[in-house]
Amino acid sequence: MHKCITGGATPQPPHFPKVSHRLMVRVNMRRDAHRCGVPSGPALAAVDRAWSATGGDRYAARRAGWAATDALRAQLLKAVTP
């Protein structure tokens with residue numbers, strides 16, 4: 001029976017890289033805006049404002065981005081429908 005020997009090698013990196021919550025909120029907002037057919041600029045600006053105002057609360061930033069996306073979508077729908 002052989003003995004398991006761990007050398008001085010560094011451990012393997014985790015399978016998934018660490019990504020900041022701020023980056024994930026921004027990526028998801030960009031995707032949501034694209035899915036709704038609205039420009040992503042105002043939603044990302046709302047995310048950044050909420051992120052800095054709350055000191056990094058990702059849930060507040062997500063809600064701000066959703067609100068901005070919904071407002072833009074409502075404006076576009078109002079402009080399209082007679």
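Select Leu72 to start: this residue lies in helix 3, where helices (H or I, at least four residues) and strands (E, at least two) are DSSP runs, numbered from the N terminus. Leu72 is buried, with a relative accessible area of 17%; buried means under 20% relative accessible area, exposed over 50% and partly exposed in between, with a 1.4 Å probe and protein chains only. The model is predicted: local features need pLDDT of at least 70, side-chain atom pairs count only at pLDDT 80 or more, and totals for chains, interfaces and linings use all residues. Residues are numbered from 1 along each chain as its sequence is written, and side-chain values use heavy atoms, with hydrogens and water left out.

Now show what surrounds Leu72. Leaving aside neighbours within four places in sequence, Leu72 is in contact with Val38, Pro39 and Pro42, contact meaning heavy atoms within 4.5 Å.

Thr69 is buried, at a relative accessible area of 3%. Beyond four places in sequence, the contacts of Thr69 are Met29, Asp32, Ala33, Cys36, Val38 and Ala43.

Follow one of those contacts to Met29. With residues up to four places away in sequence not counted, Met29 touches Leu44, Val47, Arg62, Gly65, Trp66 and Thr69.

Colour the helices next. The protein chain has 3 helices and 0 strands, and its elements run α-α-α from the N terminus on.

Select helix 1 (residues 21-36) and helix 3 (residues 58-80). Their axes come within 10 Å and cross at roughly 15 degrees; axes are lines fitted to C-alpha atoms, for helices over the stretch in contact, and angles run from 0 to 180 degrees between N-to-C directions. Helix 1 and helix 3 are therefore roughly parallel to each other. On that scale, angles under 35 degrees count as roughly parallel, over 145 as roughly antiparallel, 65 to 115 as roughly perpendicular and the rest as oblique.

By class, the contact of helix 1 with helix 3 has 6 nonpolar, 3 polar and 4 charged residues. Ala, Val, Leu, Ile, Met, Phe, Trp, Tyr, Cys and Pro count as nonpolar, Asp, Glu, Lys and Arg as charged, and the others, Gly among them, as polar.

Helix 1 and helix 2 pack at an angle of about 155 degrees, with their axes 9 Å apart. That makes helix 1 roughly antiparallel to helix 2. This crossing is right-handed. On helix 1, select His21, Arg22, Val25, Arg26, Met29 and Arg30; on helix 2, select Leu44, Val47, Asp48 and Trp51.

Finish with the largest nonpolar core, whose 7 residues are Val25, Met29, Leu44, Val47, Ala50, Trp51 and Ala61. Such a core is a set of buried Ala, Val, Leu, Ile, Met, Phe, Trp, Tyr and Cys residues joined through side-chain atoms within 4.5 Å. Helix 1 and helix 2 (41-54) each give two or more residues to this core, and helix 2 gives the most, with 4 residues.

How values were computed
A crossing is left-handed if the near helix is turned anticlockwise from the far one by less than a right angle, and right-handed if clockwise.
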